[in-house]
Amino acid sequence: MKRFYWLLPLSAGLLATPAVAQTTPPAQPPAGSLAATAPTGPFTLQRAIDYALQNNLTVRQQQLTSELQNATLRQSRAALLPSANLSGTQAWNYGTSLDPLTNDFVSQTIRSNNFSANTQVTLFSGFQLRNTVKRNALDSEASSLDIEKSRNDLALNVASAFLQLVLAEELVRTNEVRVNSTVQQVERTQKLLKAGAIPESNLLDIQAQQASDEVNLITSQNQRDLARLTLAQLLNLPSPTGLAIDVPVLADPDDQPLVEADPDGTFQTAQGLLPEIKAAELRVRSAQRSLDIARGGYYPRLAFGAGIFTGFSSSRLARVFNGDSTSAVQVPVFQSGLGGQPIPSQYFLLQPKQAIPELLPSRFSQQLKDNLGKSLQFSLQVPILNGLQTRTSVQRAQINIQQQELRAEQARLTLRQNIQQAYADAIAAQRRYLSSRRQTEALTAAYRNAEIRFNNGLLNGTEFNIAKNNLTAAESTMIQAKYEFIFRRKVLDFYQGRPIAL
């Protein structure tokens, strides 16, 4: 999936927070998570984003959430397969108890075993199983888009902190130039005072201005340190010490054409690219599948099962012929007498020894073979009245569809409004920069004239400081307007599907 990067507002008081950042708050870096090793060398914007994506725990947590959803999908697919189970038990019964195989009451210790194998398959369940697979597949895809959104949010924060640090570095350089200029001005004023060309009040005024400029420098340095700390925390670095960035060359807004206002075209492009819009649409479809699952509860359920079982009991006896009789048996031989009546003769037959039957415990393997049984069964369950649970589930699923549709519509509406606001902000920022630039040029000329007059003693220190402060304020406004326009333009790049790069 194509990766998109975002920008947040640069700082409080500099750039107003756009509606985009308000509706989709970026993921914050988890506390206490540090990168294993700190990287070396200055960071470019792309390197900072890639490094953050590799070390941020919020993104990893979202990935684990997606893996859980994928596991749920695999389980629902496996539910379509037949179930198969093996079971075995061994028990000892003492005293008078019921033989588990013969159901006879016996007064002895019985050891019994039972073994079985069963399988069952659902033949029809109102298509609930298949619809569950389809719903979980949609949820899994939406969860993958949530990962992409989490990555975009993190990249958004990193890019914002990176640009904030670039701005802070430029403000520090500007304030350093002002302090150096004021120090030189103080030295010239001291020389003019010694020569008697200007009054002492001029020196006091320019020294007061030097103190103000030094305060502004310290303030800008503190803002730079805070911006560096913010970026280091987003990158999960152990410490901001040594963190350096590769400051890119950024074109001035007057070198670029005015932003062409085409919010509708950008909206059509953005809603097909942003992962949160796609995820919202997928969740609407998932809710529709949940409705199909709930309606499946109205249908009968048909299942088929089969099993095989056997067992062993130590109380079961078998008739076994074991051993011979102690003596042979003489059987008399009869012959026919008068009238056909049998009469004994003088002869005898010797019958061989006979085996003696005994009742002995049946062998384990023989019992498993003799007690083997099999079963086949069909089960049909027809829902008639179950406390209106199915009907309530259907109603809840219908309401859930309406909720998801409203969320998707709200996401699209918010996106359209954010794009319209972004275009208006971009045009306003560029216009403000152009007006600030003209103001700076005019105040620069006025400051140079005031400086010449001040050096010649024709202008007091108060009026000179006013001219310098006016120029300072105009330069700060111009720098802030420049970065505000850059930020707004990058937001539009994001909406239009272009990667953000400084």
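Two strands count as paired if DSSP finds at least two bridges between them. Strands (E, at least two residues) and helices (H or I, at least four) are DSSP runs, numbered from the N terminus. The model is predicted: local features need pLDDT of at least 70, side-chain atom pairs count only at pLDDT 80 or more, and totals for chains, interfaces and linings use all residues. Residues are numbered from 1 along each chain as its sequence is written, and side-chain values use heavy atoms, with hydrogens and water left out.

**The sheet.** Select the open sheet of 4 strands, whose order is E1-E4-E5-E10 with antiparallel pairing. Strands E1 (83–93) and E10 (373–381) are at the edges; each has a single partner strand, so one side of each lacks a neighbour in the sheet. On average, neighbouring strands here are turned by 20° against each other, direction ignored.

Next, select E1 together with E4 (residues 110–124): 11 bridges join this antiparallel pair. Within it, serine 83 is opposite glutamine 120 in E4.

**The helix pair.** Move to H4 (residues 128–194) and H7 (residues 275–295), which pack at about 165° with axes 8 Å apart; axes are lines fitted to C-alpha atoms over the stretch in contact, and angles run from 0 to 180 degrees between N-to-C directions. H4 is therefore roughly antiparallel to H7, a term for angles over 145 degrees.

**The annotated span.** Finally, select residues 394–421, listed by UniProt in an unreviewed entry as "coiled-coil region"; such annotations may be inferred rather than shown by experiment. The span is 100% helix and 0% strand, and its end C-alpha atoms lie 41 Å apart.

Terms used:
Angles under 35 degrees count as roughly parallel, over 145 as roughly antiparallel, 65 to 115 as roughly perpendicular and the rest as oblique.
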